[in-house]
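My entries follow in the order I made them.

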Amino acid sequence: MPVPQFLLDLLQLLFDLAVPAAFCTLAAAGVSLRHEGGTNFQIGGRAGKWILWTVVLLTLPQLLAWIAAQGITVPQASGSVGTSWLASMESIFKNFVSDVIVARLVPVVAAYFVLKATLDGAEGQNPLGSIIAALFLLCISATMQLFQGWNSGDQYAFTDMLSSLWNYIAGRVLPAAAGLACVGAVINHVRHRPWGRMIFSAIAFLSVSGLLKLVQAMAA
C-alpha cells in the first residue's frame with residue numbers, strides 16, 4: 001500500500017524544519033545555561049538536554065537511515081513539500097526563526113543578560129554567569145555552523161557529532177578556561193583571597209582528557 005502523499009509531505013516538512021528548530025533549541029540552551037549558573041551546568045539539566053535535542057535535529061536524516069538499516073520501513077522524503085499550505089507553513093516558520101528569533105530576539109535576550117551581569121556586579125555577585133550566557137547567545141549562528149560541520153553524514157552522525165563536541169570542549173574550551181582560572185588565581189592572590197581552588201581547577205581543566213583515559217583504563 002503506497003504512503004499517502006500528505007504523509008510524505010508532512011515528513012518532508014519535518015526534515016525541512018529540523019535546522020530552524022535546532023536554532024530554537026540552541027537558543028533555549030543558552031538561556032538554560034544562565035539558569036544553571038552560567039559557568040557550570042547540571043548533569044541531566046536543561047542546557048544539556050537542549051544541546052542533545054539540537055544534535056538530534058541536525059542528524060535526523062542519518063538517525064532515520066540507521067533505523068531503516070535495521071530492517072524497519074521508514075517512508076522516504078519526497079524532496080520537497082507538494083501541499084501548498086504545508087509549503088506556506090514551512091516558509092513562515094523558517095522566516096520567523098531567521099528574521100525574528102535569530103536576528104532580533106536572541107540579541108535582545110543577550111543584551112538583557114549583559115544588563116543582568118552589570119546588576120550582579122553592582123550587588124557584589126559574580127557576573128560571569130550572565131556574561132557567558134550572553135556570549136553563547138551572540139555566537140549562536142557560528143555555533144550552528146560548527147555543529148553542522150561535525151555532521152559526518154553517515155548512520156552514526158549523531159554519536160560522531162557528540163564526539164566532535166567533546167573533542168572541541170576538551171581541546172579548545174577547557175584550555176581557555178584553564179588560562180582564565182590562572183588569571184583569576186593571580187587576581188585573588190593579589191587581593192589576599194583564596195586562590196588554590198582556581199589553580200586546582202586549571203590543572204583539572206587541562207587534565208580532563210587524561211582523566212577520561214584513566215577512567216577508561218580502570219573500567220577495562
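**Entry 1: Arg-197**

I looked up Arg-197 and found it exposed, at a relative accessible area of 71%. My cut-offs are: buried under 20% relative accessible area, exposed over 50%, partly exposed in between, with a 1.4 Å probe and protein chains only. Arg-197 sits in helix α9, residues 196-206. Helices here are DSSP runs of H or I with at least four residues, strands are runs of E with at least two, and both are numbered from the N terminus. I also took the C-alpha distance from Arg-197 to Ala-185, which is 8.1 Å for 12 residues along the chain.

I note that this is a predicted model, where local features need pLDDT of at least 70, side-chain atom pairs count only at pLDDT 80 or more, and totals for chains, interfaces and linings use all residues. Residues are numbered from 1 along each chain as its sequence is written, and side-chain values use heavy atoms, without hydrogens and water.

**Entry 2: Gln-62**

Is Gln-62 buried or exposed? I found Gln-62 buried, with a relative accessible area of 14%. Its place is in helix α4, residues 60-69. Beyond neighbours within four places in sequence, Gln-62 contacts Asn-151, Gly-153, Asp-154, Gln-155 and Ala-157; contact means heavy atoms within 4.5 Å.

**Entry 3: salt bridges**

I searched the whole structure and got 3 salt bridges, each defined as a side-chain nitrogen of Lys or Arg within 4 Å of a carboxyl oxygen of Asp or Glu.

Asp-120 pairs with Arg-34, with the closest N and O atoms 3.4 Å apart. Asp-120 belongs to helix α5 (residues 84-122) and Arg-34 to helix α2 (residues 18-35), so this pair ties together parts 86 residues apart in sequence. Both residues, Asp-120 and Arg-34, are buried, and Asp-120 has 2% relative accessibility.

Lys-116 also bridges to Asp-120, at 2.6 Å from N to O. The two lie 4 residues apart in helix α5, about one turn of the helix. Lys-116 is partly exposed at 26%. I therefore logged Arg-34, Lys-116 and Asp-120 as linked in a network of salt bridges.

Lys-94 bridges to Glu-90, with 3.0 Å between the closest N and O atoms. Lys-94 is partly exposed at 32%, whereas Glu-90 is buried at 11%.

**Entry 4: UniProt record**

The unreviewed UniProt entry lists several residue ranges as "transmembrane region", including 6-29 and 92-115. Positions follow the numbering used here, feature names are shortened, and annotations may be inferred rather than shown by experiment. I checked residues 6-29: 96% helix, 0% strand, end C-alpha atoms 33 Å apart. Residues 92-115 gave 100% helix, 0% strand and 32 Å.
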